[in-house]
Every structure is written in C-alpha cells, then in structure tokens.
Amino acid sequence: MPRLLIVHHTPSPAMQELFEAVLEGATDPEIEDVEVIRRPALSATASDVLEADGYLLGTPANIGYISGALKHFFDTIYYPCLDATRGRPFGAYVHGNLGAEGALKALRDITAGLGWRPVAETLSLAGAPDADARERCRELGATVAATLT
C-alpha cells in the first residue's frame with residue numbers, strides 16, 4: 001500500500017486548522033489504499049521519508065522563511081534520502097501573516113535539490129483560515145494522496 005508522509009510544524013491554532021484540513025483531504029474515503037502517516041517536523045526521520053512514497057509539507061512562514069522545525073527536518077533527511085527519493089511526489093502549504101516569499105523559495109529550492117516532483121502548486125495562505133483556505137488545503141491533501149494510487 002502506498003504511504004503518504006505528512007510532515008508539519010503546527011505551532012498555532014491557524015496552522016492546526018490548516019493541518020486538519022490537509023489531513024481530511026488526504027484521508028478522504030474516496031481515496032482508497034493510501035496509508036497516511038503524520039509526523040511533526042521535529043520528530044520526522046530519514047526512515048520515515050525513505051518508507052514513504054510521497055510527501056506533504058506544512059510550515060508557517062517565520063520572518064519570511066520556513067520554520068526552524070521544517071528546516072531541521074530537511075537538514076536531517078537531506079543526504080540520507082537524496083538519491084533514494086528522487087522523483088517522488090510532494091505538495092506543501094505555507095501560512096504567514098507577513099511575506100511568505102522566502103518560505104516559498106526555500107521549499108522550492110530544497111525540494112528541487114532532493115529531486116522531489118511537485119504535484120500541486122504550493123499553497124500560500126495568510127490570516128485566519130476561512131472556508132476557502134480550508135477547502136484549498138483539503139484539495140491539496142486529496143490531490144497528493146490521489147497521486148499515490
């Protein structure tokens with residue numbers, strides 16, 4: 001059974017809402033035979049990444065960059081997973097109340113370095129999550145999970 005790994009840093013109520021919407025989409029009953037594993041960024045390991053077939057990443061934009069927790073995740077898994085995970089699909093969401101451009105660029109650069117393949121445009125969200133933001137996150141989760149079937 002294909003495995004989707006959701007790696008997230010969820011330090012705020014807004015990020016929790018977005019994470020729950022992504023998870024709801026990824027675990028939609030219409031998407032059969034995909035195992036969804038979720039790990040906080042500070043506890044996700046290279047083994048988690050190697051055992052997964054696709055990835056969904058969530059981070060706040062902190063001072064215009066990805067969270068330190070997600071950066072730590074990438075620092076930990078980059079070289080152990082570099083060759084073995086090339087070409088695997090991923091999606092991502094970023095939430096920031098100020099500019100998220102640096103976080104978006106960091107995600108693009110790091111995942112390109114890993115050779116991961118984006119299957120959806122990275123979501124850039126700001127402010128309190130509304131119905132539209134939650135729906136976009138549900139769609140992102142479902143899209144990434146469905147690519148694994």
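1. **Ground rules.** Because this is a predicted model, local features need pLDDT of at least 70 and side-chain atom pairs count only at pLDDT 80 or more, while totals for chains, interfaces and linings use all residues. Residues are numbered from 1 along each chain as its sequence is written, and side-chain values use heavy atoms, with hydrogens and water left out.

2. **Overall layout.** The protein has 5 helices and 7 strands, arranged along the sequence as β-α-β-α-β-β-α-β-α-β-β-α. Its radius of gyration is 14 Å, close to the 15 Å that the globule rule gives for 149 residues, so the protein is as compact as a globular protein of that length. Helices (H or I, at least four residues) and strands (E, at least two) are DSSP runs, numbered from the N terminus. The radius of gyration is taken over C-alpha atoms, and the globule rule is 2.2 Å times the number of residues to the power 0.38.

3. **Extent and surface.** The C-alpha trace spans about 35 × 35 × 25 Å along its principal axes.

4. **Burial and contacts.** Of the 149 residues, 47% count as buried (buried means under 20% relative accessible area, exposed over 50%, partly exposed in between, with a 1.4 Å probe and protein chains only). Among contacts between residues at least 6 apart in sequence, 83% join residues at least 24 apart; contact means heavy atoms within 4.5 Å.

5. **The largest pocket.** Its volume is about 170 Å³, and 14 residues line it, of which Ala61, Asn62, His95, Gly96 and Asn97 lie nearest its centre. A pocket is an open set of points, on a 1 Å grid over the protein atoms alone, where a 1.4 Å probe fits, with protein on both sides within 12 Å along at least five of seven lines; lining residues have an atom within 4 Å of a point. Grid points are joined across faces, edges and corners, and a volume is the space filled by probe spheres set on the points.

6. **What lines the pocket.** Helix α1 (13-26) and strand β3 (54-62) each supply at least two lining residues, and the largest share, 3 residues, comes from β3. The lining divides into 7 nonpolar, 7 polar and no charged residues. Here Ala, Val, Leu, Ile, Met, Phe, Trp, Tyr, Cys and Pro count as nonpolar, Asp, Glu, Lys and Arg as charged, and the others, Gly among them, as polar.

7. **Two threonines.** Thr111 sits in helix α4 (residues 101-114) and is buried, at 3% relative accessibility. Beyond its neighbours within four places in sequence, Thr111 is in contact with Leu57, Phe74, Phe90 and Trp116. Thr45, in the loop between β2 (35-40) and α2 (46-51), is partly exposed at 34%. The C-alpha atoms of Thr45 and Thr76 are separated by 7.2 Å, although these residues are 31 apart along the chain.

8. **Two positive phi values.** Most residues other than glycine have a negative phi. Asp33 has a positive phi of about 65°; this residue lies in the loop between α1 and β2 and is exposed at 52% relative accessibility. Ile63 also has a positive phi, near 50°, in the loop between β3 and β4 (65-66), and is exposed with a relative accessible area of 89%.
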